[in-house]
Amino acid sequence: MAGKIDDFESIRKGDLKAYERFFKGHYAEIVRFSYRFVRSQQIAEEISQEVFMYIWEKRDTIQIQSSLRSYLYSAAKNRSINYLKLELPKTQAQRDISELEIGFEVPPPQDDGRAEYVTKRVQQAVDALPKKCREIFILSRNAGLTYDEIAEELDISKKTVENQMGIALKKLREALKPLLKAIND
């Protein structure tokens, strides 16, 4: 089966045919896997291509303990989450603000930079969340995963997801209270 350590040894030695077999055997499934996080076919394909390129370019230095396939999934998950944390807020920040469910109307973008300021403050509040809270919040709000999907993905209970989302929303409301007051005044 493609993806075993033996296959990686061939790839590590520069066997392009082994790499092509591995790529063809796993590319579509990694795109589907990444898509579950980023909800964009184009972005999922880009992330998948980056992961495969990284494996090829770093084949001499990568340390794989289990299987190349497991490494591939882990790398795709990490890159997808990084995209959600770093890139998506830049391109969809205004939409993300309105989806926070913190009970306020977002003013329309204006030339005075208020929308950019609000976006920055919301991102800072999200970044300040505890690590697990932040990860669950991002998977829920940015990736659009359900609580069941998040629980499965992170190998935790649905109740833990619910509790962490409750904590995240409470902390965001508290952190953004002064901003909400300023907006609504």
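Helices (H or I, at least four residues) and strands (E, at least two) are DSSP runs, numbered from the N terminus. By this assignment, Glu135 lies in helix H6 (residues 131-141). The model is predicted: local features need pLDDT of at least 70, side-chain atom pairs count only at pLDDT 80 or more, and totals for chains, interfaces and linings use all residues. Residues are numbered from 1 along each chain as its sequence is written, and side-chain values use heavy atoms, leaving out hydrogens and water.

**Buried positions**
- Glu135 has a relative accessible area of 17% and is therefore buried (under 20%; exposed is over 50%, partly exposed in between; 1.4 Å probe, protein chains only).
- Ala75, in helix H4 (residues 68-98), counts as buried because its relative accessibility is 16%.
- In H3, the buried residues include Ile43, Ile47, Val51 and Ile55.

**Helix geometry**
- Helix H3 (residues 41-57) has 17 residues and should span 24 Å at 1.5 Å a residue, which agrees with the 24 Å between its end C-alpha atoms; the expected span is 1.5 Å times one less than the number of residues.

**Nonpolar core**
- A nonpolar core is a set of buried Ala, Val, Leu, Ile, Met, Phe, Trp, Tyr and Cys residues joined through side-chain atoms within 4.5 Å.
- The largest such core has 49 residues, and Phe37 and Leu84 are among those touching the most other members.
- H2 gives the most to this core, with 9 residues.

**Contacts** (heavy atoms within 4.5 Å)
- Beyond residues up to four places away in sequence, Glu135 touches Lys77, Ile81 and Leu154.
- With the same exclusion, Phe37 has contacts including Lys77, Ile81 and Leu139.
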